[in-house]
Amino acid sequence: MWLRCTSRRLLTSLRVLKQKRLNASSWSNTVAAVVPEAAGFLGVTDHATLQDFSLTHNDSFWRAMANNRLTWISTFSTVQDCDLRRGKVKWFVGGKLNVSVNCLDRHVLTCPDRVALIWEKDEPGSQVKVTYRELLEMTCRLGNLLRRRGVKKGDCVTIYMPPCPLAVASMLACARIGAAHNVVFAGFSSDALAERIRDANSSTVITVNQGVRGGKMVNLKKTVDAAVDTCPNVRQVFVAMRTETPVAMNSRDVAMEEEMMHEDVICEPAVMDSEDVLFMLYTSGSTGKPKGLVHTQAGYLLYASLTHKYVFDYHDGDVFGCVADIGWITGHSYCVYGPLANGGTTVLFESTPIYPNPGRYWEMVERLQINQFYGAPTAIRLLLKYGDQWVHKYDRSSLKTLGSVGEPINTEAWEWYHKVVGEGRCPIVDTWWQTETGGICIAPRPSDPDAEIVPGMAMRPFFGIQPVLLDNELTSKSASGALCLAQSWPGMARTIHNNHQRFIETYCLPFPGYFFTGDGANRSEEGYYQITGRLDDVINVSGHRIGTAEIEDVVNHCSAVAESAVIGYAHDIKGQGVYAFVVLKKEADITEEELRQQLKDRVSKSIAKYACPDFIQVAPRLPKTRSGKIMRRVLRKVVEKDLNGLGDLSTLDDPSAVQEIIQGHKELCNKPQVS
């Protein structure tokens with residue numbers, strides 16, 4: 001009897017074990033179908049266990065990804081050599097490759113006539129399609145031209161161009177010959193451009209005669225001329241013709257397209273080390289000087305490729321529509337490098353979301369049959385206000401995934417994006433990442449297909465990303481705190497150009513052993529992350545990060561201004577707007593209207609139009625501590641109309657200054673603001 005019972009239990013156990021193995025095999029097959037590189041990982045049965053594996057078997061995970069997703073000239077010897085305490089980050093040590101080969105040549109071998117780029121020009125319906133074969137030829141001609149004109153491996157080329165195929169070819173041509181590129185947003189002023197050219201020590205600049213945006217012509221060559229006049233190191237400027245409008249050419253200028261036609265269509269790719277510089281990109285910090293963040297070859301490309309594929313569930317044949325400008329990291333990673341590394345078709349959007357009308361995005365989706373759309377909350381909030389009719393007018397059945405980038409998306413905009421634009425059937429990936437991270441770090445996907453997506457939350461860390469929330473005592477907080485990353489990942493920036501100490505002080509010293517992102521976050525009981533915003537004096541205007549110190553520096557150069565304080569405030573459309581408090585010199589003889597116009601002109605010229613203050617409040621003095629520190633916390637509370645949250649004012653030199661600020665704010669809010 002005992003034997004029969006034991007036998008029954010044994011048979012039952014064997015059946016259960018067999019079913020578990022079948023289930024595990026089924027799960028494994030499911031994950032392997034989505035993430036083929038994971039097929040050989042023991043114990044991986046779903047996305048959750050794959051995420052765990054990527055953290056606990058970090059080297060094994062990234063070795064498999066790098067071997068499967070990149071084409072190497074010679075393979076790496078060591079997966080990583082990293083120490084966040086010292087700001088030391090090296091990935092795929094000893095490996096050799098060429099990024100342009102990974103983005104072009106290998107796809108030309110298998111699908112030469114696949115469309116690589118769709119240039120969505122300013123005027124609807126005037127799109128231009130460029131195949132992988134054509135883009136490779138364009139890149140090789142330009143690479144040969146750059147070499148012939150003296151650009152060498154290790155040089156840095158500054159690119160000041162709108163989104164267009166020649167801009168992408170310029171980036172890839174630099175990568176092909178081993179030069180780094182420094183793409184500057186073509187909305188920056190000549191002063192801002194010059195500062196970046198000088199810091200990057202560029203002797204070569206690439207631009208176009210004019211940009212076209214929203215039906216308007218912008219004289220980019222004129223801006224470059226003004227910038228280069230203050231950059232003695234620049235010896236040549238390559239000029240492409242976006243429009244038929246002729247421009248004055250001088251001795252340093254090169255007619256790029258004409259010269260390219262004299263070059264061979266074959267350009268020998270440079271052999272690059274994994275840790276050679278691919279590009280630098282300037283971003284604002286909490287101090288006045290923009291910092292040139294450096295990204296290297298293999299790690300950045302692998303991370304951009306993986307996140308593009310798995311966050312957006314990208315498949316061969318899809319059309320990926322990221323509407324970011326190439327002058328930002330989003331354009332680098334998800335207009336250029338990520339999609340092209342995956343052999344994808346990527347859209348270059350030259351226009352604005354409301355030109356010629358608020359249906360522009362959705363008309364483009366219908367015409368180009370876009371499958372993944374990646375845009376900014378600023379644009380979504382703007383379009384929401386125009387009503388649903390502009391969305392319903394166009395067929396959006398091609399859409400499979402909707403993405404959000406640049407800042408946290410509010411619930412109202414998320415719901416409209418999901419229900420109206422996506423018809424309730426497209427998952428929304430609200431992505432959190434930075435110029436510093438190189439690619440998406442937290443997003444609702446990848447995850448199991450039926451996993452929930454919570455509106456307005458970035459939610460889940462990507463493979464290999466380990467977020468932690470810390471306080472000033474280096475105590476991990478379960479609910480909220482400073483968002484840090486506990487271990488390095490291949491896509492992260494390596495340094496700040498010419499200032500590694502600043503890199504260490506900014507990202508590694510605030511919480512030793514962790515990468516400090518500068519953002520705060522909450523974590524729910526389910527383990528989902530929600531980004532709460534910047535912890536330093538950096539504000540996010542329409543998805544563009546700008547340091548308040550950078551604006552203050554420009555404002556303080558006005559001869560009438562004694563001192564200033566700039567803060568960000570909540571803006572319905574832009575996410576955050578710029579609010580400036582200004583104290584005038586006693587001898588200043590200027591009206592508030594004159595001051596307003598002068599400061600807006602100065603900021604526009606020195607930085608960019610998006611950085612201009614929306615509000616300028618003239619104050620007799622600013623609230624300061626006894627040690628002379630401006631109490632920006634108090635200024636924020638006044639602008640937020642949270643007078644109960646002013647907190648302890650006992651450290652102020654003269655608390656009555658706060659009442660002056662409050663009264664001045666009330667008066668300013670009652671005045672009409674002229675843009």
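Trainee: Which residues are linked in a network of salt bridges?

Mentor: The network of salt bridges links Lys 221, Asp 225, Asp 229, Arg 252 and Asp 253, a salt bridge being a side-chain nitrogen of Lys or Arg within 4 Å of a carboxyl oxygen of Asp or Glu. This is a predicted model, in which local features need pLDDT of at least 70 and side-chain atom pairs count only at pLDDT 80 or more, while totals for chains, interfaces and linings use all residues. Residues are numbered from 1 along each chain as its sequence is written, and side-chain values use heavy atoms, with hydrogens and water left out.

Trainee: What makes the contact of Asp 225 with Lys 221 a salt bridge?

Mentor: The closest N and O atoms of Asp 225 and Lys 221 are 3.0 Å apart, and the definition asks for a distance within 4 Å, so the pair qualifies as a salt bridge. Both residues belong to helix H8 (residues 220–228), where they are 4 residues apart, about one turn of the helix; helices are DSSP runs of H or I with at least four residues, numbered from the N terminus. An α-helix has 3.6 residues a turn, so residues three or four places apart point the same way.

Trainee: How do you know whether Arg 632 and Glu 552 are buried or exposed?

Mentor: Buried means under 20% relative accessible area, exposed means over 50%, and partly exposed lies in between (1.4 Å probe, protein chains only). Arg 632 has a relative accessible area of 17% and Glu 552 has 9%, so both are called buried. Their side chains meet in a salt bridge of 2.9 Å, N to O. That pair links distant parts of the chain, with Arg 632 in helix H19 (residues 632–639) and Glu 552 in helix H17 (residues 548–555), 80 residues apart.

Trainee: Why are Asp 81 and Lys 88 called partly exposed?

Mentor: Asp 81 has a relative accessible area of 32% and Lys 88 has 25%, so each value falls between the limits for buried and exposed. Their side chains also meet in a salt bridge, at 3.0 Å from N to O.

Trainee: Why is helix H7 described as largely enclosed by the rest of the structure?

Mentor: Helix H7 (residues 190–200) is described in this way because 8 of its 11 residues are buried, among them Leu 193, Arg 196 and Ile 197. After H7 comes Asn 201, whose phi is positive, near 55°.

How values were computed:
Helices (H or I, at least four residues) and strands (E, at least two) are DSSP runs, numbered from the N terminus.
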